[in-house]
Amino acid sequence: MPEQRPPKKAPLNPKRTPIHENDPMERRGLFVEALIPYTREEAILEAQRCIQCGRPWCTDECPIHQDARGYIKLMAAEDFNGARDLILRDNPLASCLGDVCYHYCESVCPITKRGEAIAVRHLKRAAMMYADPAKPYAPVVPTNGMRVAVIGGGPAGLMNAWVLGQRGYDVTVFESSDRLGGLMTQTIPAYRLTDETFQEDMARFANLPVHFVFHAEFPKALDMDELLKEFDAVFVSIGTHKSRGLGIPGEDLDGVYSALSYLKESKRGERRSIRPRVVVIGGGDVAMDSARSAFRHGAQEVTVLYRRSREEMPADDQEIKEAMDEGVKFQFLVAPLKFLGTKRLEGVELQPMELGPPDESGRRRPMPAKTPPVTMGCDAAILAVSQEADLEVLPRDLEIKLAKDGTLQADPETGATKRSGVYAGGGASVVHAMAAGKRAALAMDAYMLAKKNRAS
Ligand SMILES: Cc1cc2nc3c(=O)[nH]c(=O)nc-3n(C[C@H](O)[C@H](O)[C@H](O)COP(=O)(O)OP(=O)(O)OC[C@H]3O[C@@H](n4cnc5c(N)ncnc54)[C@H](O)[C@@H]3O)c2cc1C
Ligand code: SF4
């Protein structure tokens, strides 16, 4: 009898199934989606590239430990409903993350050693698109009689509410604005994330004992002592809504805006135009969103000014590529010294920079070059340097600090503050904020159960 050989493994395919885009010059005037999602067939092809690693690097790297290896396997076998169910087991904001996640999982995918990482984010989006519409979660009955207050309805607060709601807690989310989703829905432009996508995710809360109260700003409308009388635990997740400025002359001129207020106005439909020559200061995703939105508001020329070089830019490569394709110009190694003009912005004075040794972030530190400042004419400047949480609004006895990235920092493992029953957290990305909300939810669950046991 001829010797039986094990079936040969399919050879590794190093090339990613391309994602298509709308024409950059056509889309740059419109707030319509820039990327065209995979077709069902493209998604299956891409999923079949996954080598199903023995150790799931992608899952380990994900802040919420989404089982990417598992759902990709199901998609490779054309089981989109199974993939969708697996995704939703751990992730109430899956549709949004399919569009905006920074896909930390892809950076560790070993296929990068031979080619391009599996397109995990695009696959998640396809799983959510091509599965049958998800059935709402079954109602959690009976509720366990304990109540939780969440301050801030962004990704951290929503994840906290979702985890605790599923465990039977009666959760009330107090949100200062008129919408949920935090910075994700208040600032990310519609060409990257639509309101409809967010509403798909919110439908997953429908049968949970989770309630939302809008226009409830802490501490104007809410008092911590009163909350602790009414609720068994409180989660503070107010996000990073305070813009950091540059602290240079001319920042108060007409035509200089903070990126957060500019993008928030845009999302609320309150901003429809901008002056013709726009500069954007910063090199992160907020800068990319500001620059690309400026074209959509009618700018004729948009230039991103960044004090380091292209290699050090923190923005996602895909976002930089899309901005470049749309005609955004980049000027690297320049730092603004002052904004020029009497009442209205007329220009910006720039110090040429060079790169020195690496700083604590590991990126090379920008230092002034021995070249004189140069002047650049502009009519509008958008400052996208960074943002942080407003600690002023929080009671001091909680002893919540600011993390380096400007987010709320309490106990790193549990989110516990110095006040019993009060927890806090957030994150500099949607999925990191969700992870903080989940960590705190698990600790709050343990705290409330212990409290209940002591009382009985
Ligand atoms: C322009 C821009 C683009 C971004 N793009 C991406 C991206 O592509 N991918 C990604 O992963 N991340 C992105 N991020 C980051 C991401 O949006 C945030 O990291 C995430 O939303 C943080 O979640 P959070 O719940 O901690 O805070 P937030 O999202 O800020 O939510 C906090 C909520 O609390 C409310 N609130 C604030 N103060 C109070 C108060 N005093 N009382 C009651 N409620 C209050 C706010 O209105 C808000 O709804 C982007 C951020 C910006 C600004
Ligand atoms: S790390 Fe990459 S190849 Fe490995 S299981 Fe995850 S997606 Fe597949």
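Two strands pair if DSSP finds at least two bridges between them. The views below come from a predicted model.

**View 1. The hairpin of β13 and β14.** Strand β13 covers residues 347–358, and strand β14 covers residues 364–368. They pair in the antiparallel sense, over four bridges. Within this pairing, L355 stands opposite P366 in β14. Five residues lie between the strands of the hairpin. There, G362 takes a positive phi near 90°.

**View 2. The crossing of helices α13 and α14.** Helix α13 spans residues 259–267; helix α14 spans residues 285–296. Their axes come within 10 Å and cross at roughly 50°. The crossing of α13 past α14 is left-handed.

**View 3. Residues in the contact of α13 with α14.** From α13 come A259, Y262, L263 and S266. They meet V286, A287, D289, S290 and S293 in α14. By type, the residues of this contact divide into five nonpolar, three polar and one charged.

**View 4. The shell around ligand 2.** Ligand 2 is surrounded by 15 residues. The closest are C50, C53, C58, R69 and C109. Helices α3 (57–61) and α4 (68–76) each supply at least two residues of the shell. Which helix gives the most to the shell? That is α4, with three residues. The shell divides into 13 nonpolar residues, one polar and one charged.

How values were computed
Residues are numbered from 1 along each chain as its sequence is written. Chains are lettered from A and ligands numbered from 1 in the order in which they are written. This is a predicted model: local features need pLDDT of at least 70, side-chain atom pairs count only at pLDDT 80 or more; totals for chains, interfaces and linings use all residues. A residue is near a molecule or strand if its C-beta atom, placed from the backbone, lies within 6 Å of it. Ala, Val, Leu, Ile, Met, Phe, Trp, Tyr, Cys and Pro count as nonpolar, Asp, Glu, Lys and Arg as charged, and the others, Gly among them, as polar. Axes are lines fitted to C-alpha atoms, for helices over the stretch in contact, and angles run from 0 to 180 degrees between N-to-C directions. A crossing is left-handed if the near helix is turned anticlockwise from the far one by less than a right angle, and right-handed if clockwise. Two residues are in contact if their C-beta atoms, placed from the backbone, lie within 7 Å.
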